[in-house]
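Welcome, and please have your viewer ready. We will go from one selection to the next, and at each stop I will tell you what is there.

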Amino acid sequence: MPLKSINPTQTESWSKLTQHFNEIKDAQMKSLFLKDSNRKKNLSLEFEDLKLDYSKNRVTRETLDLLVQLAEECDLKDGIEKYLSGDKINATEKRAVLHTALRNNSDDSIEVDGANVLPEVHETLKKMETFSDKVISGEFKGYTGKEITDVVNIGIGGSDLGPNMVVEALHYYSNHLKTHFISNIDGDHVYEVIQNLNRETTLFVIVSKTFTTQETLTNATTVKNWFLEDAEESDIQHNFVAVSTNMDMVKSFGIASDNVFTMWDWVGGRYSLWSAVGLSISLSIGFKNFRQFLDGANALDTHFRQASYDKNIPVVLALLSVWYNNFFGSESEVVIPYTQYLQKLPPFLQQLSMESNGKSVDRDGNPVDYQTGNIIWGNTGTNVQHAFMQLVHQGTKLIPVDFIGFEEPLHGNMNHHEKLMANFFAQAEALYAGKTADEVHLDMKTKGQEADISRLLPFKVFEGNKPSNALLFNKLTPRNLGILIAMYEHKTFVQGMIWNIYSFDQFGVELGKELANKLLVK
Ligand code: F6P
């Protein structure tokens with residue numbers, strides 16, 4: 001069954017939220033904390049190793065109740081059930097949306113067109129496990145009989161950003177294989193990567209759901225030609241594998257069917273890193289770690305399906321996002337992980353969220369008259385504090401922040417970690433509390449800067465009252481990363497549910513492709 005079409009702005013809760021917004025838009029979070037001594041506890045949630053503190057948001061209990069009512073009126077429950085049970089909720093493409101099945105290790109039955117998809121999922125994972133084990137152990141050899149030392153993932157968009165992000169995020173758990181990524185059609189990208197590679201010991205993983213993507217096919221062909229400068233066509237089977245739904249195209253590229261890892265049309269590209277698209281992840285960290293990554297995501301799926309909305313982490317995050325986007329008029333959200341390992345999380349989330357929810361017609365095909373997908377950006381702390389945080393602290397825009405931190409460092413250096421985490425907490429506090437004119441005055445006086453007070457005071461005031469969420473995990477592990485990514489996937493889904501749009505197609509990327517092809521023909 002397709003998703004229902006419910007205009008959020010026509011609901012009772014939307015009218016109430018509009019009225020409520022006018023009442024509390026200038027409320028100071030500091031006063032809200034004074035009114036409720038348990039606010040931090042009341043506005044915190046926990047799931048396994050993850051603690052979400054969302055108390056530093058411009059919301060009251062009434063706001064949260066009304067947002068929950070909005071989710072109910074938009075029939076989120078019906079949407080979640082259809083999403084997780086394999087209904088064709090990607091209605092424009094007539095497809096189910098079942099990335100959650102990819103991490104479901106149970107004997108359940110999840111059907112698409114009357115057939116249970118889980119046996120095929122498990123079979124492909126088994127094939128990934130066997131293959132990863134063989135490559136890592138050295139049993140699998142390149143065309144001249146040497147062990148593999150390097151893996152190159154050739155793909156773009158969802159066939160690059162997810163694996164690339166996770167390989168880097170979990171590099172602490174990696175083995176001896178060096179992993180590289182080629183995505184851009186810019187020839188400098190492919191030549192920069194291959195110039196340092198040895199054909200004999202490199203495994204090329206060509207990842208393309210459709211196997212028609214211009215960038216990936218051009219890069220794969222360039223790499224194949226470079227490989228054939230020293231090797232024979234029959235050697236391709238030793239150094240090339242593919243991940244795709246398009247067996248015919250893979251075959252005509254010259255890759256043997258045994259070397260193909262299947263995926264399915266019910267997995268969207270930007271949600272595909274849990275499938276064989278994640279082969280480079282499994283090669284880099286080993287299948288056991290990859291399984292833990294899947295298990296973490298699966299655990300979060302259960303939380304998402306079962307927890308009541310007010311205790312449901314992805315739902316709460318999505319509703320807060322709707323609150324800022326549609327009532328405060330915030331255009332963007334910034335994501336700041338306090339670990340260098342997660343540097344590629346923001347670009348991954350950009351595709352996840354912006355390709356999903358960058359839509360301007362509703363489920364009936366009518367133009368919407370309210371804001372939908374927001375702009376996602378970010379980078380790692382503390383680097384961002386010396387870059388864009390000035391604008392978040394003192395600029396004219398209201399930009400909600402997700403701070404992501406880890407209690408324990410991986411390399412164990414507490415000197416670095418204590419400083420890192422002091423900054424993590426300080427940024428949220430500074431955004432929340434700001435610095436009043438009186439405080440600036442007193443501070444300058446104490447520092448003996450009286451002569452400059454009248455000249456500098458306005459520039460040193462921080463308005464404060466700027467919202468942020470703190471997402472604090474115990475440690476960056478494969479399981480916790482699975483939880484984090486699944487959380488953002490479901491947040492994206494809930495936002496699309498409220499905005500009454502289709503989150504799983506991406507027609508907006510097509511026109512540019514068509515025009516580029518026309519220009520090439522000229
Ligand atoms: O950019 C459009 C898009 O279709 C993405 O949704 C997808 O992740 C990417 O291209 C790559 O597609 P494919 O895996 O089919 O090469």
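Start by selecting the shell of residues around the ligand and colouring it by residue class: you will find nine polar, three charged and two nonpolar residues. Keep in mind as you look that this is a predicted model.

Next, colour the chain by domain. Which domains does the shell draw on? Domain 1 (8–94 + 307–430 + 467–509) and domain 2 (111–287) each give at least three residues to the shell around the ligand.

Among the 14 residues around the ligand, pick out the ones that come nearest: Ser 159, Ser 208, Thr 210, Thr 213 and Glu 355. Show the side chains of three of these and check their distances to the ligand:

- Ser 159: a polar side-chain atom is 2.7 Å from a ligand oxygen atom.
- Thr 210: here a polar side-chain atom lies 2.6 Å from an oxygen atom of the ligand.
- Thr 213: an N or O atom in the side chain is 2.5 Å from an oxygen atom of the ligand.

On its own the ligand has 390 Å² of accessible area, and the protein covers 87% of that. The space that the ligand takes up is the largest pocket.

For the last stop, leave the ligand and turn to the cavities. How many cavities of 30 Å³ or more are there? The count comes to five. The largest cavity has a volume of about 100 Å³. To find this cavity, select Glu 333, Pro 400, Asp 402, Asn 469 and Lys 491, which are the closest to its centre of the 13 residues that line it.

How values were computed
Residues are numbered from 1 along each chain as its sequence is written. This is a predicted model: local features need pLDDT of at least 70, side-chain atom pairs count only at pLDDT 80 or more; totals for chains, interfaces and linings use all residues. Side-chain values use heavy atoms; hydrogens and water are left out. A residue is near a molecule or strand if one of its heavy atoms lies within 4 Å of it. A polar contact is a pair of N or O atoms within 3.5 Å; within protein, one must be able to donate a hydrogen and the other to accept it, and residues adjacent in sequence count only if both atoms are side-chain atoms. Accessible areas come from the Shrake-Rupley method with a 1.4 Å probe; for residues, only the protein chains shown count as cover. On a 1 Å grid over the protein atoms alone, a cavity is a set of points where a 1.4 Å probe fits but cannot get out, and a pocket is an open set with protein on both sides within 12 Å along at least five of seven lines; lining residues have an atom within 4 Å of a point. A molecule sits in a cavity or pocket if more than half of its atoms lie within 2 Å of its grid points. Ala, Val, Leu, Ile, Met, Phe, Trp, Tyr, Cys and Pro count as nonpolar, Asp, Glu, Lys and Arg as charged, and the others, Gly among them, as polar. Domain bounds come from an automatic or database domain assignment. Grid points are joined across faces, edges and corners, and a volume is the space filled by probe spheres set on the points.
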